[in-house]
Amino acid sequence: MTIVRRANGTAAMATIMLLLTSASIAGDFHVSPSGNDSNQGTTDRPFATLQRARDAVRQNAGNEAITVWLHDGIHYLRQPLTLTAADSGSDQHPIVYRGLDDGAIISGGQRLALSWTEANDGMFKAETPQGLHIDQLFVDGKRQHMARYPDFDPQVAHFNGYAADAFSRERAARWKDPAGGFIHAMHRAHWGGYHYRITGKKDDGEVAYEGGWQNNRQMGMHGQHRFVENIFEELDAPGEWFHDASSGTLYYRPAEDVDLKKATIEVVRLRQLIEFEGTRESPVENITLRNIEFCHAARTFMDNREALLRSDWTIHRGGAVFFNGAENCRIENCVFNQVGGNAVFVNNYNRSINVVGCHIHDAGGNGVAFVGNPKACRDPLFNYGERQSLADIDITPGPQSDDYPSKCLVENCLIHRTGRVEKQTAGVQISMSSYVTVRHCSIYEVPRAGINISEGTFGGHLIEFCDVFDTVLETGDHGSFNSWGRDRFWGLKEAPAEQLPELAKLDMVDVNIIRNSRWRCDHGWDIDLDDGSSNYLVYNNLLLSGGLKFREGFHRVAENNIMVGNSFHPHVWYPNSGDIVRNNIVFTKYRPIRVPVPWGKDVDNNLLHQPGAESTTSAEILANQSGRDEGSIICDANFVDAEAGDFTVRDGSPAIALGFRNFPMDRFGVQRAELKKLARTPEILRKNTTAGKGSHTPVASKAMLHFWNGATIRDLSGEEFSSFGVSKESAGIHLSKVPPGSVAATFGFKQNDLIQKVNGKSVKTIADLRLEQNKLGGKSMHVLIVREQKEQQLAVPRYSFFNVATTDEGSFEELSVSRKDVIELQDVTAISGTANEGLETLGDGQLANNYGPVFGNGQFGRAYKVDLGDSYEIENVATVTFNQNRNRGRQRFVLFGSNADKDPGWDISNRKAFTPLAEVDTAGTDRKNFQATMIRSNADGLGTYRWLLWKIEPVTVQGENSAFQEFVVSGKRK
């Protein structure tokens, strides 16, 4: 090797270089934890530090291939190893840092030699070096837990333990000085998590804290899923520790199998271990890290605060290995073991960064993250609610600079149990990048997505042959694969609908491909292309649980996928989306939400799998949903061995005739032999579950229409919560139709509003809404709604409500039903025949212990109608039932009014004829012999009507109907 003296070099450096032996001249240097930086860097006389080896390599980097061999043992770094352009190799002469055998470890911590003394009750303490600050404690290589409440429980999903009173005033009263502690909480809608630093206690005893910036969809922390740590008084469980930095004392409760006299105690110091620091003009090039284990990198959750482009994410630009301005660099066959933040972070300008054959586990943040500079984007917006106008944006396609990762690779990696601290994370995260390939990776046991693409800037990504499962374990409304497309076109104001398809390609300049992979998400969708995700090709995927979702985007193709136990989920489509869904095998009918019919550009030749069906049948059930699917069929797909996970269809399967083509079933996930032995695989078929029993008598399960102030309302179910941007926990009542002129419309309500609160009280279901409305009993009402995923308050100055009275006797007085201003019923009719008593008994002013004029069992949606003979201003309506056989006293009906001149018939969907006045369900009331409901309004009565119609529903699972005894209508002639 030629010795190159720097112009300002010293004689000492020249002497050191001349002492290099033939081994180092051949391009090899050696580093050992037991070495010395005064050595020559040979096998027998290795350096002690990586920095010394780097400086030696730098003398001839790029002129010849050089390998730095890391001997077995732990290489503790005093500071991160920073590699710059001066340390670069070349295409012909690369630089490699690699483990000599299999035991080379790079650590950002330090080992402590401590003298332990027992403090009390199994707690030990030891004096620590002056000025030491500890982020994490490892005992014999295993990360321990800061003193926390509640205690760590591996069986609990959220944070491995949570409590609503985690930092309540009562709990904090036990703490002398909680400053320096941390609060960790889930996002209110489970869209990631929040983290806070406790600063002390207020005068009133409440905990003071700062933070909560770790999510880009601010809604506040969850009411229950939260815990605190680093509180001395909570040090009460084996494996917990607390460090008092002011006194230099470490407190620890060891588990029974830990011998403190022999245990290796290590603490974490550094946030980053290896830093590649270059620029586009002068990048770090051709350096490989190989066969090295990385550990003891500090947690970074309080620095996770930079918002990404209208996604739900914030990020911290850092990682155990950090790339900034690098090209043709590689991490190969390495292990990232329990690092506190991101394992690998590829930041801004980078090209051809490859992460291959690595095992990444138990990271506090992301596994591998690619994040570009938002300044590379044209007209970037950051907050979810931000919008801009077409006239104000640059319509030049693509990025405006190259300051982002591109042509990078994650291949043959095993990534699991990431997001141990930060919950808005992924096994692989991609944002503001292009042409990233993720291939043959096994990713599982993560709190949110396995693979996430934050937005459509700039596309060209390829996801293939991956195995991603056990995802969304602590969050919700997400998928094993998740993407957003909240790009320039999304929510663009004043943009003609016909221009949106092309505008969707402004940022998403090349197609993203997802193929030949296996996905399973039991807490969301297997593949979730959310808000605006456009320009995707999804084919040859085996989806094992959650199905495939497309929401409000353009130019998406889903073909040749198998959706086991589930189906295709189209959500909130543009009428001109141009989407194509064909040649797929689904196991259930589609699950659309707010999609105009017909769907997309081409939805056809799909197969609805029906086990055991021997002949093919036209899939009218799919055609009726999509408005297309003329060539789709229902039949047995005839799989080779579904139980064993082989969903290859046999020769002669009807799927083949439709155009379906088999794809490999044995190439999912990591293929590197050493990692394949370690990797798990997903459960193939969903285990059967039994629905829990309700608290009241079950009701026959046929759909019932529900109304509120003239609007048609419904409870949300399944995955519908996602389309409104709310969690299943917060839920809400969907206003599916709000007719013009209805009371709800006059108060400002619109179709697709979601009611969530009444006067500050949560209402998750129609039953909740009815209960809170009845409790108000005429008092002023204010309703919190979610409209286009934004909260809004509306006043409701007029509404109906009802009271319930019950008795074992048989008089109106005992039921508190007033006979004042009672209107004589001129005629009572029914939509179909009734049994037992005659219909005239419903207006005879008498109560009896019998069925009354009852509808037969199993008759749904029947109705009674009364003619008042003239128009009346209706004050209130009482309905009385008898609890025949102790199961027919419950009342379930919707009351309608009509002021038609002649009999309006029975079509309650005709809003010109009928107005819904109130809905009644008396489930859970004290069931005595007689039950009366009294419907009234908080304003000037229920309105002016001549006709009243009770649309009733059965009250038992056997389809038995109520035993109606009397309709009592009070009011004054108009």
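Start with the open sheet of 5 strands, ordered β8-β9-β19-β18-β12, with mixed pairing. Strands here are DSSP E runs of at least two residues, numbered from the N terminus, and two of them pair if DSSP finds at least two bridges between them. Color β8 (117-120) and β12 (145-146) next: each stands at an edge with a single partner strand, so one side of each has no neighbour in the sheet.

Before going on, a word on what you're looking at: this is a predicted model, where local features need pLDDT of at least 70, side-chain atom pairs count only at pLDDT 80 or more, and totals for chains, interfaces and linings use all residues. Residues are numbered from 1 along each chain as its sequence is written, and side-chain values use heavy atoms, leaving out hydrogens and water.

Now zoom in on β12 and β18 (residues 240-244), which run parallel and are joined by 2 bridges. Pick M146 and you'll find its bridge partner, W241, in β18.

Next, select Q338, in the loop between β28 (335-337) and β29 (344-356). Is Q338 buried or exposed? Q338 is buried, at 12% relative accessible area (buried is under 20%, exposed over 50%, partly exposed in between, with a 1.4 Å probe and protein chains only). Beyond four places in sequence, Q338 has contacts (heavy atoms within 4.5 Å) that include Q136, F138, H361 and D362.

Last stop: A655 in helix α7 (residues 654-658); helices are DSSP H or I runs of at least four residues. A655 is buried too, at 1% relative accessible area. Show I585, L607, V649 and F660, its contacts beyond four places in sequence.
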